[in-house]
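These are my notes from a first look through one structure. I began with the overall layout and then turned to single residues.

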Amino acid sequence: MLRHLDVEAFDIPGEPMPTDEFFARLGRGEIPFEPFAMGSQWGTTWGTTWFKLSGQVPEGKPDGRPLELWIDLGWYDHSCGGHIEGLVYRADGTAIKAVHPLNHWIPLIAVDGAGMPSTRSP
């Protein structure tokens with residue numbers, strides 16, 4: 001483990017905001033993220049909570065190895081998903097990968113040190 005990340009959250013208790021609208025509002029500075037304490041309760045049934053993760057990769061890393069993010073959303077060990085799941089995005093709004101209880105790793109930096117490619121078409 002390199003280090004923990006800073007975590008902020010933005011909660012939408014009702015119907016989710018379309019992703020394109022969220023990132024447009026984020027770009028205009030209209031999303032009021034709040035600091036989030038690890039281990040705190042979050043979300044409601046059918047609600048959406050957006051998390052903003054930030055941190056620094058130490059100089060010289062990944063040093064010939066891929067760098068991945070491991071996300072634990074607080075799910076139950078006895079279930080394979082559905083009760084808590086998420087989709088991880090880059091800051092530009094492109095999707096990286098989904099996470100759920102049996103699949104919680106996110107690729108960040110490849111072995112050669114390059115950022116993982118975008119999934120959005122040019």
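I looked up the secondary structure and found 1 helix and 7 strands in the protein chain. The model is a predicted one. Reading along the sequence, I noted the pattern β-α-β-β-β-β-β-β.

Next I checked burial over the whole chain. Of the 122 residues in the protein chain, 25% are buried. The protein chain exposes about 8700 Å², and 54% of that comes from carbon and sulfur atoms.

I then looked at contacts between residues at least 6 apart in sequence. In the protein chain, 59% of these join residues at least 24 apart.

Then I went to Thr49. Where is Thr49 found? I located Thr49 in strand β3, which covers residues 48–54. Is Thr49 buried or exposed? Its relative accessible area is 15%, and the cut-off for buried is under 20%, so Thr49 counts as buried. I listed the contacts of Thr49, leaving aside neighbours within four places in sequence: Ala9, Phe10, Asp11, Trp42 and Gly43. With Asp11 there is also a polar contact, side chain to side chain, of 2.8 Å.

My last entry is on Thr94. I found Thr94 in the loop between β5 (86–89) and β6 (95–99). Thr94 counts as buried because its relative accessibility is 3%. Which side chain does the side chain of Thr94 meet in a polar contact? I found that of Asp92, at 2.7 Å.

Notes. Residues are numbered from 1 along each chain as its sequence is written. This is a predicted model: local features need pLDDT of at least 70, side-chain atom pairs count only at pLDDT 80 or more; totals for chains, interfaces and linings use all residues. Side-chain values use heavy atoms; hydrogens and water are left out. Helices (H or I, at least four residues) and strands (E, at least two) are DSSP runs, numbered from the N terminus. Buried means under 20% relative accessible area, exposed over 50%, partly exposed in between (1.4 Å probe, protein chains only). Contact means heavy atoms within 4.5 Å. Accessible areas come from the Shrake-Rupley method with a 1.4 Å probe; for residues, only the protein chains shown count as cover. A polar contact is a pair of N or O atoms within 3.5 Å; within protein, one must be able to donate a hydrogen and the other to accept it, and residues adjacent in sequence count only if both atoms are side-chain atoms.
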